[in-house]
Amino acid sequence: MPTDTHVAAPVNEAVRRAAAPRRRRTRRLPNPLSALVLVLFLVFFVLPVLWLLLAATKTDDQLVHGNPLSFGSWGALGDNWNALTSFQDNAIFQWLGNSAVYSFVALAITLCVAIPAGYALAMTEFRGRRTLLVATLVVMLMPNATLVVPLFLEVNAVHLIGSMWSIILPYSFYPFGVYLTYIYFTTAVPRDLIAAAKLDGCSSFGVFRHVALPLAAPIVALVGFFSFVANWTNYFLPYVLLPESDQFPVQVGLGTLLNSVPQFNPTVGTAAVQRPELALATLLAITPVLVVFLFSQRFLVTGMLAGATKE
């Protein structure tokens, strides 16, 4: 007698599932080590930022003697804002504008240089390529402070001390971006695709412009973000190369504000800055980096994972 296989298969599957012993669902307890790491992260990273946010809403007396994690008042925040903006005739906005000019102009030059350089190192073979890679890696690993004196001598030799280019040009030299781009093109872009484009008649620049560069959007965002953060937070080089206060970026300006706080510098005269005003200036200084991070985080994650798989 014929059997209907379309009916028998679901019935057999249902019988098998009913006969199989049900696994006991156990509720997994949270890992104590993970909980400890999260608590440490909260204590060492989140609480200081929360304290900084609340410090800007207090008077100096409330900041010292009050609850460190309590909110002050909107009136105190307004007073701190007025006092900060009146320091040296709105110097804080001048410093923020200088930082924006230095960082974004240097960022544009960095992207125009680092991305093609990393692509050339990854996709072409030439004499001295390995030496150039090693030199790039060595310079990338050197602390920035060790390069200040050589950079000062070079900038002084071309008579650029005190100009905006004395900051922008050293900022544009970003070996980490070159090496990061080299790793990306070596691991994440198939060489067969590059070879196919050349067989179709594309020139070397055409392959880079129309094939490699569109695929490199994540790494361009990653290099751009790291370069911008490094430029925005650089303190020592502008401090050495810029003599005038109206040329300072915001990081050097924060040092000027710190020197004007009586508790840190007892010789301050009438142009005294209170500690809540310094906290408010610090918040203004870190806000652009936070905004750039929020708008580029999707590309940052993609760029960080781009070289995780090889062809």
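1. Of the protein's 311 residues, 33% count as buried (under 20% relative accessible area; exposed is over 50% and partly exposed in between, with a 1.4 Å probe and protein chains only). This is a predicted model, in which local features need pLDDT of at least 70, side-chain atom pairs count only at pLDDT 80 or more, and totals for chains, interfaces and linings use all residues. Residues are numbered from 1 along each chain as its sequence is written, and side-chain values use heavy atoms, with hydrogens and water left out.

2. The protein has 15 helices and 0 strands. Both are DSSP runs numbered from the N terminus: helices are H or I with at least four residues, strands E with at least two. Among contacts with a separation of 6 or more, 72% join residues 24 or more positions apart; contact means heavy atoms within 4.5 Å.

3. The largest pocket holds about 440 Å³ of space. A pocket here is an open set of points on a 1 Å grid over the protein atoms alone, where a 1.4 Å probe fits, with protein on both sides within 12 Å along at least five of seven lines; lining residues have an atom within 4 Å of a point. Points are joined across faces, edges and corners, and the volume is the space filled by probe spheres set on them.

4. The largest pocket has 19 lining residues, with N144, L147, F173, Y174 and N234 nearest its centre. The lining comprises 16 nonpolar residues, 3 polar and no charged. Nonpolar covers Ala, Val, Leu, Ile, Met, Phe, Trp, Tyr, Cys and Pro; charged covers Asp, Glu, Lys and Arg; the others, Gly among them, are polar. Helices supplying at least two lining residues each include α6 (129-141), α12 (217-233) and α13 (236-241).

5. The second largest pocket has a volume of about 170 Å³. Helices α2 (32-55) and α15 (275-305) each give at least two lining residues. The largest share, 6 residues, comes from α15. F225 is also one of the lining residues, and F225 is buried in α12.

6. Helix α12 has 17 residues and reaches 24 Å from first C-alpha to last, close to the 24 Å expected. The expected span is 1.5 Å times one less than the number of residues. Its buried residues include P218, L222 and W232.

7. L241 lies in α13. L241 is buried, at 1% relative accessible area. Beyond neighbours within four places in sequence, L241 contacts F152, I161, G162, S166 and I167. L160 is 81 residues from L241 in sequence, yet 9.0 Å away C-alpha to C-alpha.
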